[in-house]
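Please examine the sequence and the three-dimensional model shown below. The explanation after it is intended to be read with both in view.

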Amino acid sequence: MEAFVIGATGYIGGAVVDHLLERGHDVVGLARSTASAQTLEAAGVKVQPGEVGRPAEWVARALQADAVVFAWLDPVPDRFREADTAAVRSVLQAMRGTDKAFLYVTGSLGTGNTGPEVEVDESTPDDPPAFLSWRSALEGEIRRAADSGVRSAVVRAPMVYGRTSGFVATSLLADYNSSGRVHYVGDGDNLLAFVHVDDLAALCVSALERAPAGSLYLAGNGESMSYRDFSVMASRALGGGEAASLPVDVASQALGPFAEALTYSQRLSNAAAREQLDWSPKMHDVAEELRLLKQRLV
């Protein structure tokens, strides 16, 4: 299989590329810069120059592949929403009637604040925070593309850790370096769900290979703990002071509406991924990741 990957040099997209190559698949990566192109070429990935937000530059090449993966993120929310929506719709329109695979990798916030008591699955109605309602709607369009001859699937991931990189690692290090401790938002009683980036990438490749059209998978690895307990463990592991709370309004000044989402609880069932795709998370737990992250400070 040849897979066209959008976000091939990113944190999650890069891990997906690694796992595709390990499984013997060919990969084409979208590259917006010379540096990105060189990184992909060095990894044995074919390069298609282009900007995500200008799909006319690369959709024809994407359609030549057997599968298309969206695993990217723009740090500017409005720009991300516009570019992501336009690109996804362009690709889905071009793929109509081909029965080719389309995979969209996203966060689990579309599932909403499910509370700490109940483990939810893919049948749970969406209840995203307002600032992400657009993305939940787009995921619905992607799954409905199955009715138009596209083998589409969505993978929702909670807190992704691993490779001492990505949002969790960079956020913890930034917090520690600026304050000497790790903070949580609000009272920190909410439960966080986790998945290692390599387990997530393995699930994505399996979904590309054999997920039924219109599928949705929740990629939690079964590990969960309160935000406060995670912050306490992280602060101690990094050698910092006692973890402390940030009021939601204070956190919002730095994180915008995402701060409120950090007060959500999620317990996610991965039964569908296990049963349909034989997914079995294998990587180390969060505590081991924090130990490895500590080495970056030395």
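Predicted model: local features only at pLDDT ≥ 70, side-chain atom pairs only at ≥ 80, totals over all residues.

Residues are numbered from 1 along each chain as its sequence is written, and side-chain values use heavy atoms, with hydrogens and water left out.

Helices (H or I, at least four residues) and strands (E, at least two) are DSSP runs, numbered from the N terminus. Helix α1 covers residues 11-22. A residue is called buried under 20% relative accessible area, exposed over 50%, and partly exposed in between, with a 1.4 Å probe and protein chains only. In α1 the buried residues are G13, G14, A15, V16, V17, H19 and L20. Among the elements that cover them are β1, β2 (26-31) and α7 (197-210). After α1 comes G24, with a positive phi near 85°.

A nonpolar core is a set of buried Ala, Val, Leu, Ile, Met, Phe, Trp, Tyr and Cys residues joined through side-chain atoms within 4.5 Å. The largest such core has 38 residues, and V5, L20, L103, V155 and L200 have the most contacts inside it. Helix α7 supplies the largest share of this core, eight residues. If neighbours within four places in sequence are set aside, L20 is in contact (heavy atoms within 4.5 Å) with M1, A3, V5, H25, V27, V205 and L208. A second, separate core has 32 residues, including V28, L92, V150 and Y264.

Aromatic rings form a further set of links. Rings of Phe, Tyr and Trp (its six-membered ring) pair if their centres lie within 6.5 Å; planes under 30 degrees apart count as stacked, over 60 as edge-to-face and the rest as tilted. The structure contains nine aromatic pairs. One of them, F4 with W58, is stacked, at 5.7 Å centre to centre with 15° between the planes. This pair links distant parts of the chain, 54 residues apart: F4 is in strand β1 (residues 2-6), and W58 is in the loop between β3 (46-49) and α3 (59-64). Both F4 and W58 are buried. The rings of Y161 and F194 have centres 6.3 Å apart and planes at 75°, so this pair is edge-to-face.

On a 1 Å grid over the protein atoms alone, a cavity is a set of points where a 1.4 Å probe fits but cannot get out, and a pocket is an open set with protein on both sides within 12 Å along at least five of seven lines; lining residues have an atom within 4 Å of a point. Grid points are joined across faces, edges and corners, and a volume is the space filled by probe spheres set on the points. The second largest pocket holds about 460 Å³ of space. Helix α6 gives the most to the lining of this pocket, with six residues. The largest cavity has a volume of about 70 Å³, and Y161 is among the residues that line it. Helix α12 gives the most to the lining of this cavity, with four residues.

Key:
Expected span 1.5 Å × (residues − 1).
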